[in-house]
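Here are some notes for a first look at this model. Please read them with the structure open.

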Amino acid sequence: MRGTEMLIRRALFAKSSHHYGIFTYPFSSFCSHFHSVGHKDRYFSSKPRIDLSCINELDDAFFLFRQMARMQPQPSVVEFTKLLQVIFKMKQYSVALKLFDEMRQSAAPMNEYTMNILINCCCLLKRVDVGFAVFGIFFKQGYNANVVTFTTLLKGLFLDGKVADAEKLFKQLLILRLCEPNDFTIVTVINGLCKNGHVLAAHDLLLLLENTIYKPNVMAYSAVIDGLCKVGMVDNALELKSRMFDKGISPDVVTYNSMIQGLCDFGRLKEVKDLLDEMVNHKICLTVVTFNILVDSFCKEGNVKEAREVLEIMKQQHIRPDIVTYTALIDGYCLQGKMDKAKELFDSIASSGLKPCIISYNSLINGYCKNGKVDEAWRIFLEVSSKGLEHTITTYNIMIHGLLSEGRINDGWKLFNDMETRKVHPNLSTYNILLECLCKTHQISEAFSFLRAMEDKGASPDIITYRILINGLCRDGKLEDAKHLLNEFPSKGLQPDCQAYTIVVGSLCHEGFVDEAKNLLVKMERSGCAPDSVTYNSIIQGLLKRKEVCKAMPFLEEMYKRGFSADAATSSMLINHLQVYNKDVVLLEMIKKVVPKI
C-alpha cells in the first residue's frame, strides 16, 4: 500500500479484470450484472415484505435468498439489504460476501446501504484494499459515498495497521469536504490511533479538534484517556478529565473506569477512592466493570479479603457479579496458594446462575500448576472438554509449562504433539516454554535446532527467546557463544535489554571475569540500558560465591549510590561472609547500607 491516494485511485479506476480472491467470481462479472436501482425503487415499493425471522442459521439465509431471487416481482432492495445485514450481525463476513456474489449473479437490486455493508465486511476481514475497490465500483455506477462509507474505510485502515493511510484519508475528508465527519468518525480516528499505539497523536488531534466545528464528544475524550492510562500516563489522563469539565463535557462511567484501571495498575488506591467519591457526587452509577477492576486489583495485591468485601457491596447494590468477577477472585486465591478456596469458589459459579468459561478453567489450572499440584491441574484440564468447552492455546501453554516445571518432560512434549494433532496452533509463548525446557536440561544443541524448526513454521523469535538461549549458554559455561549471541541482537532487529545484559554480566562475574563484566556494564549504559537492582545483585552474588568480597565491594558501593538494595539471597550471603570476617568493619558498614532493615 503506497498511501491513501493510491488506494482511492485503485478503487475509483479499478479495471474490470481485477480479482481479489475473496469473491467467488471476478469483478468483471459483478460489473456486468450490476443492477442499478432508481430512487423510486429505493424508497417506495409495493413488493411483498420478506419474513427474516425464519433465519436461525446460515443455510436458512441462503434458502430464503434463493426463494427471493425466484420471486416475481422481485423483492425490493430493502429486503435484500436486510438479508445481508442479518448475516453481517451473525459475524459471518465471508458468507455475507459470498451471498453478495450470488446477489450480483441474479441481478438483485443494490444501493448505498448494500455497499456499506459489503465494505464493512471487507474491513472486518482485514481486506481494506478490497473495500476500497468495492467503493470504486459502486462510485462508478453512480452511487455516492456518505459519512458511513468513509468512516468504515477509516476503521478498516486502522484495523489493518495502516495508520498513515488512515490519517491521510481523514485529512482529505476535511480538506476536500468529501463528507461531513460525525461524532462516530471522530471517535473512529481517535480510537484507531490509540489502539495502534499512537496515543500522543490522538491526544494532539483531540486538542486540535476542540478549536474546530468538529467538537469531540465524551467517547472521544474517553478513548484518549483510556489510551493514556494503558501507556502509564495516568497523570495526563487525570488532567484531560479536568479539561473535559472545563469544556462542559461530563465524563461517564467508561471514562472513570479507564482512570480507575490506570490508577489500580500503579497501586494508587487512595486516588481510586477519590475518583469513586467523585462518581457518586456526579450521580454516575458504578457498573459491574467498575467493581471487576477493583476486585481484580485487590486480588493482584494479595488482598482477597478486601476483594470479597467489594463482592458483598456489589450484591448489596443489586449488581450481579459476572464470570470476570469470579475469575479474578479465583486468581486471587491461587496467588495466595489457597487452592481449596479457589476450587470452592470455582464450584460455586454454577449456583450463581453462571457457567465457568475457558478463562476460569485456565486460572484454576494455572493455580494448581504454580502450587505444584500438577495432577490436580491435569484432572481439571481433562474436565474442560466434558463441559462443552475447547482448550485454547493459553490452556495448553499453562499445562505444558506445569508439566515441564515438575520434571515431567515426556508428558509435556507429548501434550505439545497432541495439541498440534488437534489443530491448536502453537504461539511464540509455546515455543519459548519448550525452548526453556531444553536449555534447563542442558540440551543446547537441541535448543538451537528447535529454534530453526520454529522459525521454519513461521514463528519470529523475540527478545525472550534469545534471553532463554543466552541463559542456557551461560549455564553450560559457553560464555563466548552467549556474548556472541548478545552482540547479534541488532542484526536480528532487537535491542538488548537489561535482563539480557544481566545474564551475561552475572555469569562473567561468577566465572571470575570481573574486568570483562565491568566493560560490559559500561557498554550496557552507553546503549541506554541502565543496570537495575537485579544486575547488581547478580554481579555481587557471583563474586561472593567465589569468596571475592573485596571485588564485590565497589559493586556494593555503586548499588547503594544508585538507591538499590540487596535482595534476600545477596543479604544472606553478605551476613554469612560477615560471620567469617567478623572484624571487617568496612563490610559491616556496607551491610548496614545495602541490606534492608527488617
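1. Phe381 is buried, at 3% relative accessible area. Buried means under 20%, exposed over 50% and partly exposed in between, with a 1.4 Å probe and protein chains only. Trp378 is partly exposed, at 29%.

2. The model is predicted: local features need pLDDT of at least 70, side-chain atom pairs count only at pLDDT 80 or more, and totals for chains, interfaces and linings use all residues. Residues are numbered from 1 along each chain as its sequence is written, and side-chain values use heavy atoms, without hydrogens and water.

3. How are the rings of Trp378 and Phe381 arranged? Their centres are 5.2 Å apart and their planes are at 10°, so the pair is stacked. Rings of Phe, Tyr and Trp (its six-membered ring) pair if their centres lie within 6.5 Å; planes under 30 degrees apart are stacked, over 60 edge-to-face, the rest tilted. Both residues sit in helix α22 (residues 374-386), three residues apart, so about one helical turn separates them. Helices are DSSP runs (H or I, at least four residues), numbered from the N terminus.

4. Trp413 and Phe450 form an edge-to-face pair, with 5.5 Å between centres and 85° between planes. Trp413 belongs to helix α24 (residues 409-421) and Phe450 to helix α26 (residues 444-456), so the pair ties together parts 37 residues apart in sequence. Trp413 is partly exposed at 22%; Phe450 is buried at 13%.

5. Ring pairs also join Trp413, Phe416, Tyr431 and Phe450 into a cluster. The structure holds 15 aromatic pairs.

Note on methods
Helices (H or I, at least four residues) and strands (E, at least two) are DSSP runs, numbered from the N terminus.
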